[in-house]
Amino acid sequence: MSASASTPHLRRYLRPTGLECHDHAQWVLPVRGELPFEVGGAGGHLDRLLGAFVAPGQAHDLDVLGDNCCLVVDCAPGVLDDDTLEHLYRRPWLALPAGMRQRLQGLPGSRALGDPLPHLLRHFAPAGSGARLQGVCGAVVAAPGLDWSVARMAALAGVGCSRLHALFVREFGLPPLAWVSAARLRWARRQLLCSDASISDIAQRAGYSEHSAFTRALRRESGRTPRQWRARQ
């Protein structure tokens, strides 16, 4: 694997891209703003906590919610081995570690980007240090409404509860349940924008105990109620 065969560049999206497909792998890592994103038919929401991986030949689409900037890392065919490509194809959503988030948010447009690929592989490749936690985060992103207790997450990771807490804080700068709360809110925000489901139904499916709990969480984060968030689109 040749790490030098990656091309990083900063990109600002001014309009939806429409459905795209290319023969190279691509990492999409938010620097600022948030972007509804679809890869392989699965919808997600890219923001300061979540990036995405697009495998070669995989259809993907992106929408725009306002001012944004992403670090996009293109990897030419042959840069990533088959095991890594298959692993990331099955887990396209990337829970961004705290240190990586800090580096992304500090990127000015004029700064030389260097080569981020070694850092990406360390956290997201199947043999990387963060692979076990990425599996847990991927399960939460896929089904945010489940009862994600620390015990359930720890069992999925194959560690004890206290060890899981320490790993999450070290990797993401957040305790496990705080990460779950952010994932639930991210999913619910997307549903407000792209579905006609009632706010109460979205709150329930996202794992909130009641409509008011969802309203409080969204207002704390964005200053908007669910109805106001939906109206922005």
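Among contacts in the protein chain between residues at least 6 apart in sequence, what percentage join residues at least 24 apart? The figure is 72%, taken from a predicted model.

**Overall fold**
- The protein chain is built with 10 helices and 8 strands.
- Its radius of gyration is 17 Å, close to the 17 Å that the globule rule gives for 233 residues, so the chain is as compact as a globular protein of that length.
- Along the principal axes, the C-alpha atoms fill a box of roughly 50 × 45 × 30 Å.
- Buried residues make up 49% of the 233 in the chain.

**Helix 2 and its buried face**
- Helix 2 spans residues 98-105, and its buried residues are Ala98, Met100, Arg101 and Leu104.
- Looking down the axis of helix 2, you will find these buried residues within an arc of 160°, so they line one face of the helix.
- An α-helix has 3.6 residues a turn, so residues three or four places apart point the same way.

**Helix 4 against helix 6**
- Helix 4 (residues 131-142) packs with helix 6 at an angle of about 95°, and their axes lie 11 Å apart.
- Because of that angle, helix 4 is roughly perpendicular to helix 6.
- Helix 4 brings Leu133, Gln134, Val136 and Cys137 to the contact, while helix 6 supplies Leu164, Leu167, Phe168, Glu171 and Phe172.
- By type, the residues of this contact divide into 7 nonpolar, 1 polar and 1 charged.

Conventions:
Residues numbered from 1 in each chain as written. Predicted model: local features only at pLDDT ≥ 70, side-chain atom pairs only at ≥ 80, totals over all residues. Heavy atoms only, no water. Buried < 20%, exposed > 50% of the residue type's maximum accessible area, 1.4 Å probe, protein only. Helix = DSSP H or I, 4+ residues; strand = E, 2+ residues; numbered from the N terminus. Arc of directions from axis to C-beta. Axes fitted to C-alpha atoms, helices over the stretch in contact; angles between N-to-C directions. Parallel < 35°, antiparallel > 145°, perpendicular 65-115°, else oblique. Contact = heavy atoms within 4.5 Å. Nonpolar A, V, L, I, M, F, W, Y, C, P; charged D, E, K, R; others polar. Rg over C-alpha atoms; globule rule 2.2 N^0.38 Å.
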